Amino acid sequence: MDCVNPIGLKFEHDGIVSAVPEGYSSAADIKVIHYAWSEPHGKRLISETTLAEFLAVGSSARVVNARCRFSPLEVVKRARSQLGRADYNVLGRNCQHFSSWCYEGAAFSREVFKYGVIGTSFGLVVSIVGIIAIGMARASW
């Protein structure tokens, strides 16, 4: 289990690597669980896609060996328990919230925190809304 991020984006998109078959030959063989756009539903759903589909938003990925509170199997089990979830919210329930909840047990977004704390007065508003949303996400995930 690893958390992966496409590189080359102005934002990071996190996902949980859920399956790496023995002898895999391409990104099409590796599975990642993440918030993905669902054309038929017209919104983001937590979905299990290939690494190739996950990388479609960027050119490459870096693997982050996240601090895990749970075993790799438990992290994947937690991720799979959320498949189909469709309540994406950039400030309170985004891909980073999802991934951190899977491996740490608490929903947290580095970007909401970073841009909310370091930003301008707009960032202050985002920070306040983000903190409220984080509290709601942690309480309700």
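Phe-98 is buried, at 0% relative accessibility (buried means under 20% relative accessible area, exposed over 50%, partly exposed in between, with a 1.4 Å probe and protein chains only). This is a predicted model, in which local features need pLDDT of at least 70, side-chain atom pairs count only at pLDDT 80 or more, and totals for chains, interfaces and linings use all residues. Residues are numbered from 1 along each chain as its sequence is written, and side-chain values use heavy atoms, leaving out hydrogens and water.

Tyr-35, Tyr-88 and Phe-98 form one aromatic cluster. Rings of Phe, Tyr and Trp (its six-membered ring) pair if their centres lie within 6.5 Å; planes under 30 degrees apart count as stacked, over 60 as edge-to-face and the rest as tilted. The count comes to two aromatic pairs.

| Pair | Centre to centre | Angle between planes | Type |
|---|---|---|---|
| Tyr-35 and Tyr-88 | 5.1 Å | 75 degrees | edge-to-face |
| Tyr-35 and Phe-98 | 6.3 Å | 70 degrees | edge-to-face |

Tyr-35 lies in strand β3 and Phe-98 in helix α3, so their pair ties together parts 63 residues apart in sequence. Helices (H or I, at least four residues) and strands (E, at least two) are DSSP runs, numbered from the N terminus. Tyr-35 is buried, at 1% relative accessible area. Tyr-88 is partly exposed, at 33%. The charged end of Arg-44 sits over the ring of Tyr-88, 5.2 Å from its centre (CZ of Arg or NZ of Lys within 6 Å of the ring centre and within 35 degrees of the ring normal).

Cys-95 is found in helix α3, residues 95-104. Cys-95 is buried, at 7% relative accessibility. Its contacts (heavy atoms within 4.5 Å) include Tyr-35 and Tyr-88, not counting residues up to four places away in sequence.
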